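Here is a short briefing to read alongside the model. Have the sequence and the structure open, and take the topics in any order you like.

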Amino acid sequence: MKTQELKAKARHELIEYGVNVVYLTLVFAAFTVYRRILLAEHGVTYENYGFAVIEALVLGKVIMLGDLARLGRGLEAKPLIVPTLYKTLVFSALVAAFKVVEFGIKGLWQGVGFAGGLMLLSDKWSDELLANGLVLLVALIPFFAIKELGRVLGKDTVSSLFFRSRAER
């Protein structure tokens, strides 16, 4: 590849990564704010806003790697709902896996070890995690639906539909 082609590819990848991270940060930050508000009603302080950004950065890259690994490509001939739901389920499972790792790391940070962190997770493995998982599952459906529309119609067309007035098209 020529230098210009590499620069264009890198620029495209960075923009796509940025879009992924912004969307996911908004979703994870919404969870964090909601959790903070609920806990504040009970006098509990919750300020783990950094995890929303970290999770978005990691999952944004995982989504790009999943695309590179061609996850769901065998479903591309099916109606758009099929690859959309498949990718939503797969990446929701990845979020759950990252949540397990996150709690393990929290355990290490708090000095109780990785297994101790997993015990913290098992204490929380209740309605809260189930609710978060369900909301995330629903939040990822439009994310992957728009990505699938971009694949079929072309990213420029979808971008134009969302970000340009009808008079400009």
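A residue is called buried here when its relative accessible area is under 20%, exposed when that area is over 50%, and partly exposed in between (1.4 Å probe, protein chains only). By that rule, 28% of the 169 residues in the chain are buried. Please keep in mind that this is a predicted model, in which local features need pLDDT of at least 70 and side-chain atom pairs count only at pLDDT 80 or more, while totals for chains, interfaces and linings use all residues. Residues are numbered from 1 along each chain as its sequence is written, and side-chain values use heavy atoms, with hydrogens and water left out.

**Overall fold**

- The chain has six helices and zero strands, where helices (H or I, at least four residues) and strands (E, at least two) are DSSP runs numbered from the N terminus.
- Taken along the principal axes, the C-alpha atoms fill a box of roughly 55 × 40 × 30 Å.

- Ala 56 sits in helix H2 and counts as buried, because its relative accessibility is 0%.
- The C-alpha atoms of Ala 56 and Val 22 are separated by 7.6 Å, although the two residues are 34 residues apart along the chain.
- Ala 8 belongs to helix H1 and is partly exposed, at 46% relative accessibility.
- From Ala 8 to Ser 122 it is 45 Å in space, C-alpha to C-alpha, and 114 residues in sequence.

**The largest pocket**

- The largest pocket has a volume of about 860 Å³.
- Its 28 lining residues include Glu 16, Val 19, Ile 146, Lys 147 and Lys 155, which are the closest to the pocket centre.
- Two or more lining residues come from each of helix H1 (3-40), helix H2 (49-68), helix H3 (81-109), helix H5 (127-153) and helix H6 (155-163).
- H5 contributes the most to this lining, with eight residues.
- Sorted by class, the lining holds 13 nonpolar, five polar and 10 charged residues; Ala, Val, Leu, Ile, Met, Phe, Trp, Tyr, Cys and Pro count as nonpolar, Asp, Glu, Lys and Arg as charged, and the others, Gly among them, as polar.
- For reference, a pocket is an open set of points on a 1 Å grid over the protein atoms alone, where a 1.4 Å probe fits, with protein on both sides within 12 Å along at least five of seven lines; lining residues have an atom within 4 Å of a point.
- Grid points are joined across faces, edges and corners, and the volume is the space filled by probe spheres set on the points.

**Salt bridges**

- There are nine salt bridges in the structure, each being a side-chain nitrogen of Lys or Arg within 4 Å of a carboxyl oxygen of Asp or Glu.
- Asp 67 and Arg 73 pair at 2.6 Å, N to O; Asp 67 is partly exposed at 31% relative accessible area, and Arg 73 is partly exposed at 25%.
- Glu 76 and Arg 151 form another salt bridge, at 3.7 Å, N to O.
- Since Glu 76 lies in the loop between H2 and H3 and Arg 151 in helix H5, this pair ties together parts that are 75 residues apart in sequence.
- Both partners are partly exposed, Glu 76 at 26% relative accessibility and Arg 151 at 30%.
- A further salt bridge joins the side chains of Glu 102 and Lys 106 at 3.4 Å, N to O.
- Glu 102 and Lys 106 are four residues apart in helix H3, so about one helical turn separates them.
- Glu 102 and Lys 106 are both buried.
- Through shared partners, salt bridges link Asp 67, Arg 73, Glu 76, Lys 87, Glu 148 and Arg 151 into one network.

**A nonpolar surface patch**

- Ile 146, Leu 149, Val 152, Leu 153, Leu 161, Phe 162 and Phe 163 make up a nonpolar patch on the surface, with about 700 Å² of accessible area together.
- Patches consist of residues with over 30% relative accessible area and no salt bridge, with nonpolar side chains (Val, Leu, Ile, Met, Phe, Trp, Tyr) joined within 5 Å and like charges within 9 Å; accessible areas come from the Shrake-Rupley method with a 1.4 Å probe, and for residues only the protein chains shown count as cover.
- H5 and H6 each give two or more residues to the patch, and the largest share, four residues, comes from H5.
- Leu 161 is in helix H6 and is partly exposed, with a relative accessible area of 46%.
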